[in-house]
Amino acid sequence: MATTSSSCTAVSGSSSVIGPETLRRNRVLSSKLYFDVPLTKVPVIYSSSYDIAFFGIEKLHPFDSSKWGRICQFLIKDGVLDKTRIVEPLEASKDDLLV
């Protein structure tokens with residue numbers, strides 16, 4: 001005999017029940033990861049956190065772990081990219097990861 005279970009969350013202090021789709025939608029809407037990018041910014045997303053350095057050991061690794069920072073600096077230096085137009089992403093919270 002197969003049984004199905006529906007996951008619903010009761011709102012504390014209330015008799016109403018929130019379904020899984022409503023819970024997911026609420027999480028998406030409350031996330032700080034999604035934000036409007038102003039028209040003054042180009043679609044370049046970069047963070048200095050992308051450059052990985054660990055006491056010079058990264059130079060021994062076969063992959064270049066700081067190439068994105070150098071690419072970004074190259075584009076800024078050559079005037080292709082204005083530093084003020086870069087969108088820096090926010091770190092995901094636990095609730096963001098549950099979306």
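**Questions on the chain**

Mentor: Please begin with serine 47, which is found in the loop between α1 (20-30) and α2. Note that the model is a predicted one.

Trainee: Is serine 47 buried or exposed?

Mentor: The relative accessible area of serine 47 is 6%. A residue counts as buried under 20%. Serine 47 is therefore classed as buried.

Trainee: Which residue joins its side chain to that of serine 47 in a polar contact?

Mentor: Leaving aside neighbours within four places in sequence, serine 47 is in contact with Glu88 and Pro89. A polar contact of 3.3 Å links the side chain of serine 47 to that of glutamate 88. The residue asked for is glutamate 88.

Trainee: In what order do the elements of the chain run from the N terminus?

Mentor: The chain has 3 helices and 2 strands. From the N terminus on, their order is β-β-α-α-α.

Trainee: Is tryptophan 68 buried, partly exposed or exposed?

Mentor: Tryptophan 68 lies in helix α2 (residues 67-77). Its relative accessible area is 46%. Buried means under 20% and exposed over 50%, so tryptophan 68 is partly exposed.

Trainee: How much accessible area do Ile45, Tyr50, Trp68 and Ile71 have together?

Mentor: These four residues, Ile45, Tyr50, Trp68 and Ile71, form a nonpolar patch on the surface. The accessible area of the patch is about 410 Å².

Trainee: What share of the 99 residues in the chain is buried?

Mentor: The accessible surface of the chain comes to about 8,600 Å², with 59% belonging to carbon and sulfur atoms. Of the 99 residues, the buried share is 10%.

Note on methods:
Residues numbered from 1 in each chain as written. Predicted model: local features only at pLDDT ≥ 70, side-chain atom pairs only at ≥ 80, totals over all residues. Heavy atoms only, no water. Patch = residues over 30% accessible without salt bridge, like charges linked within 9 Å, V, L, I, M, F, W, Y side chains within 5 Å. Areas by Shrake-Rupley, 256 points an atom, 1.4 Å probe, with all protein chains shown as cover. Salt bridge = Lys/Arg side-chain N within 4 Å of Asp/Glu carboxyl O. Helix = DSSP H or I, 4+ residues; strand = E, 2+ residues; numbered from the N terminus. Buried < 20%, exposed > 50% of the residue type's maximum accessible area, 1.4 Å probe, protein only. Polar contact = N/O pair within 3.5 Å; in protein donor to acceptor, adjacent residues only side chain to side chain. Contact = heavy atoms within 4.5 Å.
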